[in-house]
Amino acid sequence: SIEKVRKYLAQWGKEDEVKEFDASSATVELAALALDTEEKRIAKTLAFADGEGAVLVVTAGDAKIDNRLFKETFKMKAKMLDPESLYALTGYKVGGVCPFAIPSGVPIYLDESLRRFESVYPACGSANSAIKLGVDELFEISRATSWVDVCKGWRDA
């Protein structure tokens, strides 16, 4: 999966900026340790069931989905995909889900919680990878549909 992401990022000349770690970066906490950065700067990609499909929402590491805001925005409940569906719909396993090289038909949204940072660190398709991107770059490179405001717990951070 990481090679698929490198190939995808090559369109922007970013393939050599992918960082790989000896240790796992599968959680926000582990990724922050591996990158020597704050947990809130880890851009976590969350995958939700949308009928037979999926919706991806990239949030800051310290943000939590606000069920009411999510339902108002997407007109459905925030139900995380199970590991099998996650892999089938995105091509990534838990811990390596990222907003790059996603199959068409799976919309990607970036949460407002990311906008307070100049740069963030999304995963790159494996449980031990990441890349540093500016938030505007992340929007462009992920081919995000739009910005959304569906998280809580970050505004005071």
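Figure 1. The charged end of K4 lies over the ring of Y92, 4.3 Å from the ring centre. R115 is placed over the face of W147, at 4.0 Å from the centre of the ring. A charge sits over a ring if NZ of Lys or CZ of Arg is within 6 Å of the ring centre and within 35 degrees of the ring normal. In this predicted model, local features need pLDDT of at least 70 and side-chain atom pairs count only at pLDDT 80 or more, while totals for chains, interfaces and linings use all residues. Residues are numbered from 1 along each chain as its sequence is written, and side-chain values use heavy atoms, with hydrogens and water left out.

**Figure 2. Aromatic pairs, including F48 with F70.** Rings of Phe, Tyr and Trp (its six-membered ring) pair if their centres lie within 6.5 Å; planes under 30 degrees apart count as stacked, over 60 as edge-to-face and the rest as tilted. The count by this rule is six aromatic pairs. One of them, Y8 with W12, is tilted, with 5.2 Å between the centres and 55 degrees between the planes. The pair of F48 and F70 is also tilted, at 4.6 Å centre to centre and 50 degrees between the planes. Because F48 lies in strand 2 and F70 in helix 3 (residues 67–74), this pair ties together parts that are 22 residues apart in sequence. Helices (H or I, at least four residues) and strands (E, at least two) are DSSP runs, numbered from the N terminus. F48 is buried at 1% relative accessible area, and F70 is buried at 0%; buried means under 20%, exposed over 50% and partly exposed in between (1.4 Å probe, protein chains only). F48, F70, F74 and Y109 make up one aromatic cluster.

**Figure 3. Positive phi at D36 and A101.** Most residues other than glycine have a negative phi. D36, which is not a glycine, has a positive phi of about 55 degrees. D36 belongs to the loop between helix 2 and strand 2 and is exposed, with 72% relative accessibility. A101 is likewise not a glycine and has a positive phi of about 55 degrees. The loop between helix 4 (83–90) and strand 5 (108–111) holds A101, which is buried at 18% relative accessible area.
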